[in-house]
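Work through the exercises below with the sequence and the model in view. Try each task before reading its solution.

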Amino acid sequence: MTSRLNRLAVALLATALATLGVTVANPSPASAAMTICYNTSQAGNYAGTASQAASIWNNATVNLTLTANCGSNLRIYQITGGGSYAVRTSLGNGRVYIDTQQAAQYSPLRIMTHEIGHILGLPDNYNGNCSLLMSGGSAGTSCTNPYPSTAEANRVSNLFAGTFAATERSTDRAGADIFRDSWPSMLTSVS
Ligand SMILES: [Zn+2]
């Protein structure tokens with residue numbers, strides 16, 4: 001809000017000075033990218049996977065930048081058992097848990113980018129379509145696609161641009177959104 005007012009003030013000043021024959025350089029761009037600092041100190045074997053996932057999201061979107069270990073908007077944890085899941089406390093903030101047992105069956109990178117997708121505002125879409133990231137485990141273990149679709153990436157960009165309703169940004173709601181994911185076990189028992 002402050003920067004918006006500042007830009008408005010600069011714009012008004014520029015207009016005023018222009019009438020006096022003075023030119024002023026353009027103020028800073030309308031929306032600076034939000035930096036999401038992710039912390040891999042407890043990511044165990046998946047710290048590198050988190051970096052790959054961050055690059056994928058950074059390449060696919062605008063208005064946000066995931067940066068390693070500059071803070072802890074997003075903490076990545078390695079766990080064993082119980083399933084991978086994400087806890088979004090607000091848009092761009094939360095925790096991601098990667099279950100080593102699921103990551104032994106499904107692509108760890110796909111799990112990582114999917115769970116980070118929740119932190120970036122996306123819901124699950126379990127329709128079995130491997131071209132979607134948020135279809136998660138519904139696309140089966142053979143699906144290793146770690147990339148968001150254009151629609152998924154654009155939705156994230158739009159959320160961070162603030163073009164969606166405030167209620168959808170969930171920054172002012174009490175509590176956290178927990179995405180306890182279904183990456184179904186593909187272990188079969190022979191009876
Ligand atoms: Zn999910």
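**Exercise 1.** Find the handedness of the disulfide between Cys130 and Cys143.

Solution. Step 1: the sulfur atoms of Cys130 and Cys143 are 2.0 Å apart, and a disulfide is a pair of cysteine sulfur atoms within 2.5 Å. Step 2: the torsion about the S-S bond of Cys130 and Cys143 is about 90°, so the disulfide is right-handed. Step 3: Cys130 and Cys143 each lie in the loop between H4 and helix H5 (150–161), so the pair ties together parts that are 13 residues apart in sequence. Helices (H or I, at least four residues) and strands (E, at least two) are DSSP runs, numbered from the N terminus. Step 4: Cys130 is partly exposed, at a relative accessible area of 30%, whereas Cys143 is buried, at 2%. Buried means under 20% relative accessible area, exposed over 50%, and partly exposed in between (1.4 Å probe, protein chains only).

A note on the numbers: this is a predicted model, in which local features need pLDDT of at least 70 and side-chain atom pairs count only at pLDDT 80 or more, while totals for chains, interfaces and linings use all residues. Residues are numbered from 1 along each chain as its sequence is written, and side-chain values use heavy atoms, with hydrogens and water left out.

**Exercise 2.** State how many disulfides a search of the whole structure finds, and describe the one formed by Cys37.

Solution. Step 1: the search finds two disulfides. Step 2: Cys37 is bonded to Cys70, with sulfur atoms 1.9 Å apart. Step 3: the torsion about this S-S bond is about -105°, so the disulfide of Cys37 and Cys70 is left-handed. Step 4: Cys37 lies in strand E1 (residues 34–42) and Cys70 in the loop between strand E2 (64–68) and strand E3 (74–79), so parts that are 33 residues apart in sequence are tied together. Step 5: Cys37 is buried at 9% relative accessible area, and Cys70 is partly exposed at 44%. Step 6: with bonded cysteines counted along the chain, the disulfides follow the pattern 1-2, 3-4.

**Exercise 3.** Which residues of H5 are buried?

Solution. Step 1: the buried residues of H5 are Glu152, Ala153, Val156, Ser157, Leu159 and Phe160. Step 2: they cover an arc of only 160° around the axis, which puts them on the same side of H5; the arc is that of the directions from the helix axis to the C-beta atoms. Step 3: on the other side of H5, Thr150 and Ala151 are exposed. Step 4: just after H5, Gly162 takes a positive phi of about 75°.
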